[in-house]
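Visitor: I'm new to this one and would like a tour. Could you show it to me first, and then let me ask things?

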Amino acid sequence: MPEADKELVSIRRFLKERLQRDYTTLRGYAEERSNVRLLLQRTAEMGESNSLLLIGPRGSGKTTLINAVLADVLLNKSFGENTLVVHLDGNLHTDDRVALKSITVQMQLENAADGKVFGSFAENLAFLLQCLKAGGKHSKSVVFILEEFDLFCAHHNQTLLYNLFDVSQSAQAPICVLGVTCRLDVIELLEKRVKSRFSHRQVFLFPSSQRFEEYVELCKDLLSLPTGNSLLLAAERFSNLQKIQSEALYCSRNHFDPGEYGFSPRVRETWNKQVGKVLATQQARSTLQALYDFDISEAYLKNFLFRLVAHLRPQSPHITAEKMAAVGSQFEGDDKIELLCGLSVLELCLIIAIKHHSEIYDRDPFNFEIIYARFSKFAKVSTTMQAVERSIVLKAFEHLRIAELIMPLSGGAGGGVGKVQKEFEMHKLALTYGQIQNCVQRYQALPTEVAQWAQSSLI
């Protein structure tokens, strides 16, 4: 393989791995990061017990923040020696018994608990924490990370949460409970006895509505190759993560290793110069502006850049504004419009009838009979829809409901959905008028009279 091709393969592999498997690099959130770091340090060094909830939308960097803080505090040797990290996930640990078994394994206390019979969950947890005490008052600190915290609230009696918060409130053992959730109303899901034991510390993470220039700089940073010193520092942080002897902590066992890579100054400068030149062009900035207007999160930008880097080939080894525009057009596509373009002409006619009804009656709910009456008026003057039977139209209406293009209203007339005949069940439109208009323009071989009807409700 030619030298230039080897360099391209190495660059592409590095960028893809960093975009996908870098779990500890957090940009922004300095204050929130400082709060969580201080909490963990006080638990490890002073034996304090604390609890905290990290709340924010998916992809905002909640788990990355915890991973970054762990990488920071592990620079302190005593933290790694005196602290255990227990990682639980609401999607995996679906009940308290499974969660307790995982806690036992992660604390490496299977032998101590083997064969013992415990009367209650609290007794079992207290025994595990007691095992960590080193003869005197000194005890190992335990950091509990609860991903999808809201799912633990659905467990029977919230036993796990009650006991964890109870221990953090009392002086039994130094523990820190970090909950991660995307639900803003998570506090309301807690039972009264659990809520009273929670410290009510909450840290909110929302993607900052940063200026567009900062967004372009972030893109440039994600596509640039780092210097040798930066790679060495990143490799040191990665080696610190390996100190956490936990199979459950995903970031420590699946993080990419920066120490595997090295780039010559010539290759690095040439690549970074090319990236800077492309991002300065108007076409590239227009593509980034479209992405920025749609979603300002870093996770969304990383998905876009991953696809862009995957398109690099020996025949076209550089990122260009044209490539960015081509990949960006895939991200701008609307799934609902694609779904509408796959409907039959009859189903599209029903969507148009629903659109006219919604425009005239200000998005009032509708049922099949209302829409069928409007469709029938059009069918009488249409050459393509005259011989369509009522049962076929009803089937097409049901298909729209299955595809979730229209949504049934819960608790409609008659006191409940089950008591209403399907022809009279009320629905609402789950589309915008713009999406319907785009579909009509893009639909292939659409009869002219249907396209004209879409423009005007007059028949």
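Visitor: Which hand does the crossing of H19 and H23 have?
Guide: Happy to start there, with a predicted model in which local features need pLDDT of at least 70, side-chain atom pairs count only at pLDDT 80 or more, and totals for chains, interfaces and linings use all residues. Residues are numbered from 1 along each chain as its sequence is written, and side-chain values use heavy atoms, with hydrogens and water left out. A crossing is left-handed if the near helix is turned anticlockwise from the far one by less than a right angle, and right-handed if clockwise. For H19 and H23, the crossing is left-handed.

Visitor: How do the axes of H19 and H23 lie, roughly parallel or roughly perpendicular?
Guide: Helices here are DSSP runs (H or I, at least four residues), numbered from the N terminus. Their axes are lines fitted to C-alpha atoms over the stretch in contact, with angles from 0 to 180 degrees between N-to-C directions. The axes of H19 and H23 come within 9 Å and cross at roughly 20 degrees. Angles under 35 degrees count as roughly parallel, over 145 as roughly antiparallel, 65 to 115 as roughly perpendicular and the rest as oblique, so H19 and H23 are roughly parallel.

Visitor: Which residues of H23 make the contact with H19?
Guide: Contact means heavy atoms within 4.5 Å. On the H19 side sit Val 345, Cys 349, Ile 352, Ala 353, Lys 355 and His 356. Their partners in H23 are Val 450, Trp 453 and Ala 454.

Visitor: And how does H19 lie against H20, roughly parallel or roughly perpendicular?
Guide: H19 covers residues 345–360 and H20 covers residues 368–381. Their axes are 9 Å apart, at an angle of about 110 degrees. That makes the two roughly perpendicular.

Visitor: How many nonpolar residues are in the contact of H19 with H20?
Guide: The H19 side includes Leu 346 and His 357, and the H20 side includes Arg 374 and Phe 378. Ala, Val, Leu, Ile, Met, Phe, Trp, Tyr, Cys and Pro count as nonpolar, Asp, Glu, Lys and Arg as charged, and the others, Gly among them, as polar. The contact has 1 charged residue, 2 polar and, to your question, nonpolar: 10.

Visitor: What kind of aromatic pair do Phe 378 and Trp 453 form?
Guide: Rings of Phe, Tyr and Trp (its six-membered ring) pair if their centres lie within 6.5 Å; planes under 30 degrees apart count as stacked, over 60 as edge-to-face and the rest as tilted. By that rule there are 12 aromatic pairs. Phe 378 and Trp 453 have 4.2 Å centre to centre and 5 degrees between the planes, so by the cut-offs the pair is stacked.

Visitor: Where in the chain is Trp 453?
Guide: Phe 378 belongs to helix H20, and its partner is 75 residues apart from it. The pair links distant parts of the chain, with Trp 453 in helix H23 (residues 448–455).
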